[in-house]
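Welcome, and thank you for opening the viewer. Let's walk through this structure stop by stop, selecting a few residues each time.

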Amino acid sequence: MAQRLATEYVKACLQLTAQEMAKFVRFMGDQNVRMKVRVLENGNHELALVDEAASEEIRLTFERHEELFVCVLSCRLVHQKLTNAMRKAVSTFRGDAIVNRIYPNYTMVYHYKKGAVQKIEEHAAGETRTVFELKDTLGQLERVFHNRQIEFEIERIQSAINELLDLRNQSKNPAEISDIDARLKQHTQKLFILEAP
């Protein structure tokens, strides 16, 4: 298997509540990297993660935005400890990220959304190939089900309209015909809305 040269976080974003921020600090403390935490006057947090053996360091600045701590970062990592710590952090704390895993002859691009890989692309020799793409099967099924519900509702309204038309044709009473016409108007308006693209 090819040796990875570097991992590049093109853009990563973590959004944590105060409780999640405390868990994040504990989590990073468990990743076998040295960590320095600074709380700034405005409530922002700065974390310096250091792999002393490899002389590699990254700084994560979490800015306070109302109830959330938001960290947006770009960085390039070469050594395994910080690379693994960041990968686990993005996954565990449901981050969004675009990550390039760089190899000698190609680059694998991972697209994360809420901590899960949505898509993996291979970039080699000026060409891009999709290796993996998450299908939203549940969402597709829900949309199909919703569309079927609309079809059933259309069928129900069409049946009601047919019954009202039969009643109207049989009726001789002007008041009853007026009432039927009002109900027909309501049904046709609903039908128009449901059948609109």
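Begin with the lining of the largest pocket, which has three nonpolar, two polar and four charged residues. Here Ala, Val, Leu, Ile, Met, Phe, Trp, Tyr, Cys and Pro count as nonpolar, Asp, Glu, Lys and Arg as charged, and the others, Gly among them, as polar. Before going on, please note that this is a predicted model, in which local features need pLDDT of at least 70 and side-chain atom pairs count only at pLDDT 80 or more, while totals for chains, interfaces and linings use all residues. Residues are numbered from 1 along each chain as its sequence is written, and side-chain values use heavy atoms, with hydrogens and water left out.

**Stop 1: the pocket**

Select Cys13, Leu14, Gln15, Glu20, Phe93, Arg94, Gly95, Asp96 and Lys114 to see what lines the largest pocket. A pocket is found on a 1 Å grid over the protein atoms alone: it is an open set of points where a 1.4 Å probe fits, with protein on both sides within 12 Å along at least five of seven lines, and lining residues have an atom within 4 Å of a point. The largest pocket holds about 150 Å³ of space, where a volume is the space filled by probe spheres set on the points, and grid points are joined across faces, edges and corners. Now colour strand β1 (residues 6–16), which gives the most to this lining, with three residues. Helices (H or I, at least four residues) and strands (E, at least two) are DSSP runs, numbered from the N terminus.

**Stop 2: glycine 95**

Stay with one of the lining residues, Gly95. Glycine 95 sits in the loop between α2 and β6 (96–102). Is glycine 95 buried or exposed? With 1% relative accessibility, glycine 95 counts as buried; buried means under 20% relative accessible area, exposed over 50%, and partly exposed in between (1.4 Å probe, protein chains only). Show its contacts (heavy atoms within 4.5 Å): setting aside residues up to four places away in sequence, glycine 95 touches Cys13, Leu14, Val90, Tyr112, Lys113, Lys114 and Gly115. From C-alpha to C-alpha, glycine 95 and lysine 114 are 4.9 Å apart in space, although 19 residues apart in sequence.

**Stop 3: helix α1**

Move to helix α1 (residues 18–29), whose twelve residues should span 16 Å at 1.5 Å a residue; the end C-alpha atoms are 17 Å apart, which agrees. The expected span is 1.5 Å times one less than the number of residues. Select Glu20, Met21, Phe24, Phe27 and Met28, the buried residues of α1. Look down the axis of α1: these buried residues fall within an arc of 120 degrees, so they line one face of the helix. The arc is that of the directions from the helix axis to the C-beta atoms. On the face turned away from the buried side, find the exposed residues Gln19 and Arg26.

**Stop 4: helix α2**

Which residues of α2 are buried? They are Leu82, Thr83, Ala85, Met86, Ala89 and Val90. These residues cover an arc of only 165 degrees around the axis, which puts them on the same side of α2. Also in helix α2 is serine 91, which is partly exposed, with a relative accessible area of 39%.

**Stop 5: leucine 49**

Jump to leucine 49 in strand β3. Leucine 49 is buried, at a relative accessible area of 0%. Its contacts, leaving aside neighbours within four places in sequence, include Met28, Val33, Ile58, Leu60 and Leu82.

**Stop 6: two loop residues**

Asparagine 32 is in the loop between α1 and β2, and glutamate 66 is in the loop between β4 and β5. Phi is near 60 degrees for asparagine 32 and near 55 degrees for glutamate 66. Most residues other than glycine have a negative phi. Asparagine 32 is exposed, with a relative accessible area of 63%, and glutamate 66 is exposed, at 72%.

**Stop 7: helix α3**

Finish with helix α3 (residues 137–170), which has 34 residues and reaches 50 Å from its first C-alpha to its last. Its buried residues are Gly139, Ile154, Ile157, Ala160, Ile161 and Leu164, and they pack against α4 (174–195).
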